[in-house]
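Visitor: I am new to this structure and would like a short tour. Please show it to me before we start.

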Amino acid sequence: MNNELDLVAVRLIKEKTYYSDAPVNSPEAVVDFLKQELSTYDREVMCVVNLSTKCDVINLNFVSMGTINSAVIEMRELFKASILSNAASIVCCHNHPSGDPTPSKEDIKLTERIGLSGKLLGIELLDHIIIGRGNMPYYSMLEEDVLPVGNMEVFKMAIEKEHQKQREKRL
């Protein structure tokens, strides 16, 4: 009989760095930050922006790469880096290679699953943004009221709190 227990350690490994001159504190800012990267893929790619309690970006995690019109998303994979990063909230982003960011029924169901899973984990889903191209550059589920109403207020309050701190520092 073997009475040994393996000790394991799980760590985040930094792979690559993306840089933004502007703070990532609104759906437009998230789109500006990610559109160049996500618009280059010829298949659906899902990523998660992990945020601190002040809505500062902790890191970015590419969760899944799918086909031209779908991607398989498992909640444990989606939230893994968020948990390891001690994220308070997340913004999910994925692209539509067709260029039309209009969400499908599956996109909306996925967003509901992410929101519910996040509530169980204590990690708030602030937005799910679909990146397109051309005249329809993105679709924000937050801005279109597809997400629960409370999320917009959480996002706005955290951003306003951070802006207030920055104003106080300048004085």
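Visitor: Is Ser117 buried or exposed?
Guide: The model is predicted; local features need pLDDT of at least 70, side-chain atom pairs count only at pLDDT 80 or more, and totals for chains, interfaces and linings use all residues. Residues are numbered from 1 along each chain as its sequence is written, and side-chain values use heavy atoms, with hydrogens and water left out. Buried means under 20% relative accessible area, exposed over 50%, and partly exposed in between, with a 1.4 Å probe and protein chains only. Ser117 has 17% relative accessibility, so Ser117 counts as buried.

Visitor: Which residues does Ser117 touch, not counting those up to four places away in sequence?
Guide: Ser117 is placed in helix 3; helices (H or I, at least four residues) and strands (E, at least two) are DSSP runs, numbered from the N terminus. Contact means heavy atoms within 4.5 Å. On that basis, Ser117 touches Met75 and Phe79.

Visitor: How far apart in space are Ser89 and Ile123?
Guide: Ser89 is found in strand 3 and counts as buried because its relative accessibility is 5%. Leaving aside neighbours within four places in sequence, the contacts of Ser89 include Val49, Leu51, Ile123 and Leu126. Ser89 and Ile123 are 34 residues apart in sequence, but C-alpha to C-alpha their separation in space is 4.8 Å.

Visitor: What kind of aromatic pair do Tyr41 and Phe62 form?
Guide: Rings of Phe, Tyr and Trp (its six-membered ring) pair if their centres lie within 6.5 Å; planes under 30 degrees apart count as stacked, over 60 as edge-to-face and the rest as tilted. A search of the whole structure finds one aromatic pair. Tyr41 and Phe62 are 6.5 Å apart centre to centre with 55 degrees between the planes, and the pair is tilted.

Visitor: Where in the chain is Phe62?
Guide: Phe62 is partly exposed, because its relative accessible area is 29%. Its partner Tyr41, 21 residues away, is in the loop between helix 1 and strand 1, whereas Phe62 is in strand 2 (residues 57-65).

Visitor: Is Val10 buried or exposed?
Guide: Val10 lies in the segment before helix 1 (27-38). Its relative accessibility is 60%, so Val10 counts as exposed.

Visitor: What pattern does the protein chain follow along the sequence?
Guide: The secondary structure comes to four helices and five strands. Of the 171 residues, 41% count as buried. Read along the sequence, the pattern is α-β-β-α-β-α-β-β-α.
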